[in-house]
Amino acid sequence: RRGEMAKSTQLIDNEVFRAYATYAGIVLIKMMLMSLITAYFRITRKAFVNPEDTESFGKGESAKKYLRTDPDVERARRGHLNDLENIVPFVGIGLLYALSGPELSTALLHFRIFTGARILHTFAYLIPLPQPSRGLSWAVGYSVTFSMAYKVLKTVWLL
Amino acid sequence: RRGEMAKSTQLIDNEVFRAYATYAGIVLIKMMLMSLITAYFRITRKAFVNPEDTESFGKGESAKKYLRTDPDVERARRGHLNDLENIVPFVGIGLLYALSGPELSTALLHFRIFTGARILHTFAYLIPLPQPSRGLSWAVGYSVTFSMAYKVLKTVWLL
Amino acid sequence: RRGEMAKSTQLIDNEVFRAYATYAGIVLIKMMLMSLITAYFRITRKAFVNPEDTESFGKGESAKKYLRTDPDVERARRGHLNDLENIVPFVGIGLLYALSGPELSTALLHFRIFTGARILHTFAYLIPLPQPSRGLSWAVGYSVTFSMAYKVLKTVWLL
């Protein structure tokens, strides 16, 4: 039992892996917060999609009017989907990258820039800031993930 | 070669990691089944989105009428997207959590509650059950993932 | 420091894990390319969803006409969502599978068929090819992921 525990903590003792776990944790939590923002807009704008969600507003026609789309709800949902499309590849490729033996300073640079870019992207999407704020923050995060993928494939390539 | 094999199985010999792999496997399979449920509703309700999918129903106008949305199809799709938004963070954060050296009993508690909550969520969404069934099952799974993220960040924090 | 580096590269020295990292990297990059394809269609078809994205086309009504949906944009978006629904489970289950100690040749067979099937699926979706091209390529990738999930659960089962 003791030996097993020791083995299991080896990876977590590695500094690059700890850095990965920190930033992957932060961006995954950031992505999860999009659910709360969408729920906040659904409730304050009274814009729902499931009939069972409007039953507390009354029966029949009086509740049906809350089954509608709202620009703020849709904007938060697009921000959430964009997170899924970009943060999920970061988490997957970042894990392989962290295991491919990069320098700690290089790895931290990648993780920090990605995390900063995605937080900026969320503000640019929700406020919204004028373009190209959202486009640029998206492109920066995208490029960081590609840079890590390049390092991974250079290291592990086994077709 | 032998030595490599031994190394590769170390992680899988760890009980917490085995528990993680079991429950991550179950919820990922559950998420994949949403594709089959959506396909089932598309075929039985004859509600498609791609013109090439309706060609077996004939040419021109007779096939075009099947390019439509259907409430059951849309409901299954929303359940699938909700799984992506919640099960993907669980799988990512859960892996880091399993490697952060938690007690087996605590880890099993987290994994079991999350898995049960997400299965309930799917039934609450598809049947549908009256609210707050779906809302509560969502909130339980969400809280479990946050609890794991808190443990991960407390253990690995390296900004 | 040296000892830590050695530990961190153990996993990456394992051939099955290297094969996993290669193919997971390839399909995640393929999934990310869907963003560029969607952006390409949004720009060439002038079909946007956020008002701030059309401001370079002028003010008021002249810009508003570009806030519309386009069949090619929607098709690329559906392809991207389908990738999320299928490639994400592959990456998660594939990692557990790679750690469950499969034969290298069996693992390579799974990874290669999945990767080929998903690349075919993208072409079948975007061109589009007549059915059942897209359906079959989807089903092949789906079955490969299930086969890996079966191996994982058989190996690690700890409820």
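1. Between chain B and chain A of this predicted model, the count is 3 salt bridges, a salt bridge being a side-chain nitrogen of Lys or Arg within 4 Å of a carboxyl oxygen of Asp or Glu. One of them pairs B:R75 with A:E52, whose closest N and O atoms are 2.8 Å apart.

2. Residues are numbered from 1 along each chain as its sequence is written, chains are lettered from A and ligands numbered from 1 in the order in which they are written, and side-chain values use heavy atoms, with hydrogens and water left out.

3. For chain A and chain C, the contact takes 36 residues from chain A and 41 residues from chain C, and the area buried between them is about 3300 Å², of which carbon and sulfur atoms give 67%. A:L99, A:L158 and A:L159 supply 19% of the area that chain A buries against chain C, more than any other three residues. The count between chain A and chain C is 3 salt bridges, among them C:E52 with A:R134, the closest N and O atoms being 3.4 Å apart.

4. Within chain C, helix α4 (residues 71-99) and helix α6 (residues 133-156) pack at an angle of about 30°, with their axes 9 Å apart, where axes are lines fitted to C-alpha atoms, for helices over the stretch in contact, and angles run from 0 to 180 degrees between N-to-C directions. Helices here are DSSP runs (H or I, at least four residues), numbered from the N terminus. Residues that meet include C:F90 and C:I93 in α4(C), and C:W138 and C:M148 in α6(C).

5. Two loop features deserve a look in the backbone. A cis peptide bond joins A:I127 and A:P128, with omega about -20°, and A:P128 has its place in the loop between α5 (104-126) and α6 (133-156) of chain A.

Note on methods
This is a predicted model: local features need pLDDT of at least 70, side-chain atom pairs count only at pLDDT 80 or more; totals for chains, interfaces and linings use all residues. Contact means heavy atoms within 4.5 Å. Buried area is the accessible area (1.4 Å probe) that two parts lose on being put together, summed over both.
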